[in-house]
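Reader: I'd like to go through the strands and a few backbone details of this model with you. Could you put it up and start with the terms you'll be using?

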Amino acid sequence: MEVQGNGPEEPRSKYLLSSHTTWPWTSLIITLLLSVWSAQGLEMSTGKVPFLEALNGSTVLLPCTYASCIGIKNLYFNWQYNDNGTMQKVCESVIPLDGMDPHPVSIYRERVEFIGTGDHNNISILLWNITFEDEGQYTCFGRNPKEKGKNHSAIFTLVVVDELRVVDNTLTIIIASAVGGAIALLMTFMLVKNFILFVLFKIEEKKKIECLVQSSSADETNNVSGSKTSKPTTPKKK
């Protein structure tokens, strides 16, 4: 007995093609969403030059700022000092909202002062009367609850010295003087060249004018002499 189906069987390649074409678009959308989310995340920064060489006994600033495109709410931050691999907390606090100052700020290390302000997203600190024991890496840490617990940090390195090194700028001065002299010589050469060309142009122009004057005078002389010799002679009567 021959058994007939309910209807024509649809090819499986249709579904396979649909799944293969949908997956790349799905992965692309997920990647874009993740990149946008990471771009909007919290950023901690210790400046373009995240290190400082300071004199023993001086007061130094350890800079740190934060930024977030999605805003903050109860932003937790702290400063930590790396003591031979052991992280020691220097200070910590919480910033409720954008533009608000942290309060209170807990200080766990001597000679430390918090000078940050919420108006400028600043959470910097001062180290007073630094010693060689203060030398090392300081980490500025932040965590924004809006990002579901993601941690962000930036490192600032402090080097303490007995005396600041005097930078020998002799080579730099020599190079700058040589380059400046070469530029000045080139400009002088160009000015002299342009002046000579200008003088030659004026001399050539004067010669052309004199030549035109002489040629016009010669033409007038030729015309006058020609008119005198061209008078008709009267025939003699026989």
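Author: Strands here are DSSP runs of E with at least two residues, and helices are runs of H or I with at least four residues, both numbered from the N terminus; two strands pair if DSSP finds at least two bridges between them. This is a predicted model, in which local features need pLDDT of at least 70 and side-chain atom pairs count only at pLDDT 80 or more, while totals for chains, interfaces and linings use all residues. Residues are numbered from 1 along each chain as its sequence is written, and side-chain values use heavy atoms, with hydrogens and water left out.

Reader: Fine. What is the strand order in the open sheet of 3 strands?

Author: The order is 3-9-8, and the pairing is antiparallel. Strand 3 (60–62) and strand 8 (112–114) are the edge strands, each pairing on one side only.

Reader: And how many bridges join strand 3 to strand 9?

Author: Strand 3 and strand 9 (residues 125–127) run antiparallel and are joined by 3 bridges; within that pairing, L62 has I125 of strand 9 as its bridge partner.

Reader: Switching to strand 5 and strand 6, how many residues lie between them in the hairpin?

Author: There are 2 residues between strand 5 and strand 6 in that hairpin, and 10 bridges join these two antiparallel strands. Across the pairing, Y76 stands opposite V94 in strand 6.

Reader: What is the phi of N84, and is this residue buried or exposed?

Author: N84, which sits in the loop between strand 5 (73–83) and strand 6, has a positive phi of about 55 degrees although it is not a glycine. N84 counts as exposed because its relative accessibility is 78%, where buried means under 20% relative accessible area, exposed over 50% and partly exposed in between, with a 1.4 Å probe and protein chains only.

Reader: What about R111, where does that one lie?

Author: R111 lies in the loop between strand 7 and strand 8, with a positive phi near 60 degrees in a residue other than glycine, and R111 is partly exposed at a relative accessible area of 32%.

Reader: Which peptide bond is cis?

Author: The bond from H103 to P104 is cis, with omega near -10 degrees, and P104 is placed in the loop between strand 6 (86–97) and strand 7 (106–107). Those two strands pair in the antiparallel sense over 2 bridges, with S106 in strand 7 as the bridge partner of E92.
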